[in-house]
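Please keep the sequence and the structure in view while reading.

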Amino acid sequence: MLTIQFGQCGNQLGHTLFSEVSSDLECTNTGVSYKANYQYSEDTFNKWFNGISKSNERLARAVLVDTEQKVISKIYNDKSNSWTYSTTNVICQAGGGCANNWAFGYMIKGYELSNVILNCVRQEIEKLDHFDGFLLLLSSAGGTGSGIGSYITELLRKEYGKKSIVNTTILPFSFGEVCTQNYNTLLTLAKLYSESDINILIENEQIYNICTNLLKKSPTNLQDMNEVISEKLLAVFQPVDCINHNINSLLSQIACHPSYKIATIKSSPHIPAAFANYEPVYNWNSYIHHLKQTLRISNFNSQLTNVELKIPSNSLSNTTHHTYACSISNVLITRGIASEQDPIVTDIFKEKHLYADWNTINWFTHLHQNRKFLNHDKFLALITNNFQISYSLDILLNKAWKSYVHSAFLHQYKQFGLEEDDFLQAFAVLENVVKDYKELVPHAKQ
């Protein structure tokens, strides 16, 4: 797998991601045998790294792309880690960024940088005996990640048509980032929906709330948020016990229908490091039940019940009835030691009422890894493709449309060659996506 980091957000996230991979490799309390840990370490290294540098550091298998020097220089010159980036994989065209403008990134900067990016990608792939696909990290709010990221995704699809493309897109806060963020996000999501195999959406507000409510970070900074996002991604992408599992099998399970190619990641537990030794120990069943509740929909106002921000409970209710978001598919990844006294039972995710009627096979998959993950005794991630996705997309569409009908900021995009028809096409694509997800009718069931 080749990771490509776009813009300030993508590069900061990528840097934290590889740091977390290294931390996971260096954990000593693994809970498994030397042989099992050796295999896990080897599989992890082969997935994320190219080799060892002359200074005995792991070389990240990643390409860094930005139009400003500040962030790139900071993360590349960070010597506090046991890994580093290759100098030949750092692509930075200094010149003031992309002005928080998708059109400038896509129409101008993407074209200017495309040859050097694709050449770098080819060189990385040629080093590999086996190549599964791409993991792209970007933010939809600004211009570099959204615009250049969209442009390069389109070129990768043309050149590597049979290879998997996984986008991880960071959605902006509802208010307060940049005035053009709704347009940029609209254009990004519409383009990526056409070109990628799956788009994993990460909402900044949800991550911020995990940091403040569960991890007790005060104040919460970008590094805190990137650590949570990295933990979620690695809980999905780190090796599991199934030897046949890879990025392609994951895509076939979670994005099994071409009209439903968006996913989110629910995870548990999120415990402050200072409190870890004093927190109650929950059994597997409590965590699994907790993750199922993250799919719950409020019966009162049809808004998503934010169960992920609550602490799991060992007392499970058998009387309360809830409505659950209808899913295309769910993949549950559990990490940690299971025993006869504390088995992993996933039957509550196999219930057919949780899934679309037309999906008759492979609607739920459970993957497991005995080795502890980042020193967690237990850690679970649920990558889910379900009805809830329509909420955030619907809000985005409404905000972008209100700006569009008043022609707000459109001149900033038109000066770089984007026309009103391009906006209308993006609206049409995303409106159709929302329509498809809203047609996933939730079922009421205990």
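A residue is called buried when its relative accessible area is under 20%, exposed when that area is over 50%, and partly exposed in between, with a 1.4 Å probe and only protein chains taken into account. The model is predicted: local features require pLDDT of at least 70 and side-chain atom pairs pLDDT 80 or more, whereas totals for chains, interfaces and linings use all residues. Residues are numbered from 1 along each chain as its sequence is written, and side-chain values rest on heavy atoms, without hydrogens and water.

**Salt bridges**

A salt bridge is counted when a side-chain nitrogen of Lys or Arg lies within 4 Å of a carboxyl oxygen of Asp or Glu. The count by this rule is 16 salt bridges.

| D24 | R371 | 3.1 Å |

Helices (H or I, at least four residues) and strands (E, at least two) are DSSP runs, numbered from the N terminus. The pair D24 and R371 links distant parts of the chain, 347 residues apart: D24 belongs to helix α1 (residues 7-26), and R371 to the loop between β14 (364-369) and β15 (378-386). Both of these residues, D24 and R371, are buried.

E26 is partly exposed because its relative accessibility is 41%, while R58 counts as buried because its relative accessible area is 16%.

Where do E112 and K109 lie? Both are in helix α4 (residues 102-126), 3 residues apart, which is about one turn of the helix. K109 has a relative accessibility of 10% and therefore counts as buried; E112, at 42%, is partly exposed.

**Helix α13 and its surroundings**

Two packed helices are described by the angle between their axes and the distance between the axes. Helix α6 (residues 181-195) packs against α13 at an angle of about 65 degrees, and their axes are 9 Å apart. The two helices are therefore roughly perpendicular, a term for angles of 65 to 115 degrees.

Helix α13 (residues 420-438) contains L424. With 38% relative accessibility, L424 is partly exposed.

Notes:
Axes are lines fitted to C-alpha atoms, for helices over the stretch in contact, and angles run from 0 to 180 degrees between N-to-C directions. Angles under 35 degrees count as roughly parallel, over 145 as roughly antiparallel, 65 to 115 as roughly perpendicular and the rest as oblique.
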